[in-house]
Amino acid sequence: MSVINPRESVPVTIGNVTLYCEKFKASGIKAFSEQNTVSGNEIITNSGKKAVRIILNGRIICDNSMDFLVSVNNLMYSTEKFSIEYKNTVFGQCQVQSFVVDDRNEDFISAVVTLITTEVSTKSGESE
């Protein structure tokens, strides 16, 4: 019989507010340019990596939880880039792509934030 360990939320600081992340998802993609030759064969003429998309789903707990809405909205319109850390992985040069805030009149609000980043690394000094 296996033991199920309850997983705790991971605090992630976005701007000046902490999101207690309960679900994390990251995706990357590389785009290829394809051409056909005169004889009908396919060739790849170019390729380029796109930014990594990070989706953080969690709770915001603070005195005025709607402050997060203002903070993340301001980050979205800003050209400022920032870093976040999730489980000893550092995501640098982040920008807010989208967000959803859900207030159910509880002690917290639910939030989903999508970030794009061009830098992904292991926190220095930590073993992989």
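**Order of the elements.** I read the protein chain from the N terminus and got β-β-β-β-β-α-β-β-β-β. That comes to 1 helix and 9 strands. Both are DSSP runs numbered from the N terminus: helices are H or I with at least four residues, strands are E with at least two.

**Ground rules.** I noted that this is a predicted model, where local features need pLDDT of at least 70, side-chain atom pairs count only at pLDDT 80 or more, and totals for chains, interfaces and linings use all residues. Residues are numbered from 1 along each chain as its sequence is written, and side-chain values use heavy atoms, with hydrogens and water left out.

**Overall shape.** I looked up the radius of gyration of the protein chain, and it is 19 Å, while a compact globule of 128 residues would be near 14 Å. This radius is taken over C-alpha atoms, and the globule rule is 2.2 Å times the number of residues to the power 0.38. The C-alpha atoms fill a box of roughly 65 × 50 × 30 Å along the principal axes.

How much of the protein chain counts as buried? I found 23% of the 128 residues; buried means under 20% relative accessible area, exposed over 50%, partly exposed in between (1.4 Å probe, protein chains only). Then I checked contacts (heavy atoms within 4.5 Å). Among those with a separation of 6 or more, 61% join residues 24 or more positions apart.

**Helix H1.** I went to residues 67-77 and found Phe68, Ser71, Val72 and Leu75 buried. They sit on the same side of H1, because they cover an arc of only 90° around the axis. The arc is that of the directions from the helix axis to the C-beta atoms. A general point I jotted down: an α-helix has 3.6 residues a turn, so residues three or four places apart point the same way. The cover over the buried residues of H1 includes strands E1 (10-14), E2 (17-27), E5 (52-60), E6 (82-86), E7 (89-102) and E8 (109-117).

**Serine 71.** Leaving aside neighbours within four places in sequence, serine 71 is in contact with Ile14, Gly15, Asn16 and Val17.

**Proline 11.** This one is in strand E1. Which residues does proline 11 touch, not counting those up to four places away in sequence? I listed Thr18, Leu19, Tyr20 and Glu85. I also looked up cysteine 21: proline 11 is 10 residues from it in sequence and 6.0 Å in space, C-alpha to C-alpha.
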